[in-house]
Amino acid sequence: MAGYETSMGRPPLGVKTTVVRLPNGLAERIDDLIGPNRRAQFIRSLVEKEVERLESERTAKSGRHSST
């Protein structure tokens with residue numbers, strides 16, 4: 001039909017699915033701390049912060065090496 005999108009369903013969310021295996025009991029500990037149905041956001045937030053920290057650390061190290 002003219003004027004209609006050919007794709008159906010939800011638009012892409014701009015995320016990539018990744019399976020993470022957690023040690024026994026860790027998922028329950030996370031849920032106990034942050035509440036049910038919030039685990040994925042919690043893990044995403046922690047991973048993003050750690051990636052930013054590691055990138056900053058790498059940038060700082062590469063800056064020091066270039067001055068020697």
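A: A salt bridge is a side-chain nitrogen of Lys or Arg within 4 Å of a carboxyl oxygen of Asp or Glu. This structure holds 4 of them. The model is predicted, so local features need a pLDDT of at least 70 and side-chain atom pairs count only at pLDDT 80 or more, while totals for chains, interfaces and linings use all residues. Residues are numbered from 1 along each chain as its sequence is written, and side-chain values use heavy atoms, with hydrogens and water left out.

Q: How many helices and strands does the protein have?

A: Helices (H or I, at least four residues) and strands (E, at least two) are DSSP runs, numbered from the N terminus. The protein has 2 helices and 0 strands. Helix α1 covers residues 26-34, and helix α2 covers residues 39-66.

Q: Which residue does Arg-39 meet in a salt bridge?

A: Side chains of opposite charge can pair when their charged atoms come close. Here the side chain of Arg-39 meets that of Asp-31, with 2.5 Å from N to O. Asp-31 is partly exposed, at a relative accessible area of 23%. Partly exposed lies between buried (under 20% relative accessible area) and exposed (over 50%), using a 1.4 Å probe and protein chains only. Arg-39 is partly exposed as well, at 32%.

Q: Which residues are joined by salt bridges that share partners?

A: Start with Glu-57. Its side chain forms a salt bridge with Arg-53 at 3.1 Å, N to O. Glu-57 and Arg-53 are 4 residues apart in helix α2, which means that about one helical turn separates them. Glu-57 also forms a salt bridge with Lys-61, at 3.9 Å from N to O. Again the two residues are 4 apart in α2, or about one helical turn. Bridges with shared partners join Glu-50, Arg-53, Glu-57 and Lys-61 into one network.

Q: Where do the buried residues of helix α1 sit around its axis?

A: The buried residues of α1 are Ala-27, Ile-30 and Ile-34. They lie on the same side of α1, because they cover an arc of only 60 degrees around the axis. That arc is taken from the directions from the helix axis to the C-beta atoms. Glu-28, Arg-29 and Asp-32 are exposed on the other side of α1. In the whole protein of 68 residues, 6% are buried.

Q: What is the distance between the C-alpha atoms of Phe-42 and Ile-30?

A: The two C-alpha atoms are 8.4 Å apart, and the residues are 12 apart along the chain. Phe-42 belongs to helix α2 and is partly exposed at 29% relative accessibility.

Q: Which residues line the largest pocket?

A: On a 1 Å grid over the protein atoms alone, a pocket is an open set of points where a 1.4 Å probe fits, with protein on both sides within 12 Å along at least five of seven lines; lining residues have an atom within 4 Å of a point. The lining of the largest pocket includes Val-15, Lys-16, Thr-17, Leu-22, Arg-39, Ile-43 and Val-47. By class it has 7 nonpolar, 2 polar and 3 charged residues. Ala, Val, Leu, Ile, Met, Phe, Trp, Tyr, Cys and Pro count as nonpolar, Asp, Glu, Lys and Arg as charged, and the others, Gly among them, as polar. Arg-39, named in this lining, is also the partner of Asp-31 in a salt bridge.
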